[in-house]
Amino acid sequence: MGKFLLKKTATGFNFHLAASNGETICVSEVYKAKPSCLNGIKSVKVNAPVAGVEDQTQENYEKCLNPKFEIYESKNGEFRFRLRARNGQIIASSEGYKALASCKNGIESVKKNAPEAEIEEAE
């Protein structure tokens, strides 16, 4: 089972969702306050399992309503995803993947791991 790692940064708090093998699946923005970061985790837990997938790398892609995962290609040619909540805000983003299939696997991992993931505070 995955877990959310809540971290204090120089400017606030952020979280990482790690898979059961310890690999980071996605990360949050930096929140100014810990309660806001905890709300971000709650939002990922609620939105990820029901989010559609909008593959923006395809021509004439089908648009999804929020919540949704958006797959896009970064400037360096890697595939990435971001999770948008119902209100359209980005609540989590992925690392870069060389292959589209790996990016899609990352989305499935978030959908699978986020709902039951424990929250652990990182040192």
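## A tour from the pocket to the core

Begin by selecting Ala19, Ser20, Asn21, Glu23, Thr24, Ile25, Glu95, Tyr97, Gly106, Ser109, Lys112 and Asn113, the residues that line the largest pocket. Two elements each give two or more residues to this lining: strand E3 (24-27) and helix H2 (100-113). Helix H2 gives the most, with four residues. Keep in mind as you look around that this is a predicted model.

Now show the space itself: the largest pocket holds about 170 Å³. If you colour its lining by class, you will find six polar, three charged and three nonpolar residues.

**Next stop: Asn113.** Apart from neighbours within four places in sequence, asparagine 113 is in contact with Met1, Gly2, Ala19, Ser20 and Ile25.

**Then Tyr97 and its partners.** Tyrosine 97 is another residue of the pocket lining, and at 11% relative accessibility it counts as buried.

**On to the aromatic pairs.** The structure holds three of them. Select phenylalanine 4 and phenylalanine 15: their ring centres are 5.6 Å apart and their planes lie at 80°, so this pair is edge-to-face. The two belong to distant parts of the chain, with phenylalanine 4 in strand E1 and phenylalanine 15 in strand E2, eleven residues apart. Both phenylalanine 4 and phenylalanine 15 are buried.

Compare phenylalanine 81 and tyrosine 97, whose ring centres are 6.5 Å apart with planes at 15°, so they are stacked. This pair also links distant parts of the chain: phenylalanine 81 lies in strand E6 and tyrosine 97 in the loop between E7 and H2, 16 residues apart. Phenylalanine 81 is buried, at 1% relative accessible area.

**Last stop: the core.** The largest nonpolar core has 29 residues, and those with the most contacts inside it are Phe4, Leu17, Val44, Phe69, Phe81, Leu83 and Val110. Elements giving two or more residues to this core include strand E1 (3-8), strand E2 (13-18), helix H1 (34-47) and strand E6 (79-84). Helix H2 gives the most here, with four residues.

Leaving out neighbours within four places in sequence, valine 44 is in contact with Phe4, Phe15, Pro49, Leu83, Ile91, Ala92, Val110 and Ala114.

Technical notes: Residues numbered from 1 in each chain as written. Predicted model: local features only at pLDDT ≥ 70, side-chain atom pairs only at ≥ 80, totals over all residues. Heavy atoms only, no water. 1 Å grid on protein atoms, 1.4 Å probe; cavity = no way out; pocket = protein on both sides within 12 Å on 5 of 7 lines; lining within 4 Å. Points joined across faces, edges and corners; volume = space filled by probe spheres on them. Nonpolar A, V, L, I, M, F, W, Y, C, P; charged D, E, K, R; others polar. Core = buried A, V, L, I, M, F, W, Y, C linked by side-chain atoms within 4.5 Å. Buried < 20%, exposed > 50% of the residue type's maximum accessible area, 1.4 Å probe, protein only. Contact = heavy atoms within 4.5 Å. Phe/Tyr/Trp six-rings, centres within 6.5 Å; stacked < 30°, edge-to-face > 60°.
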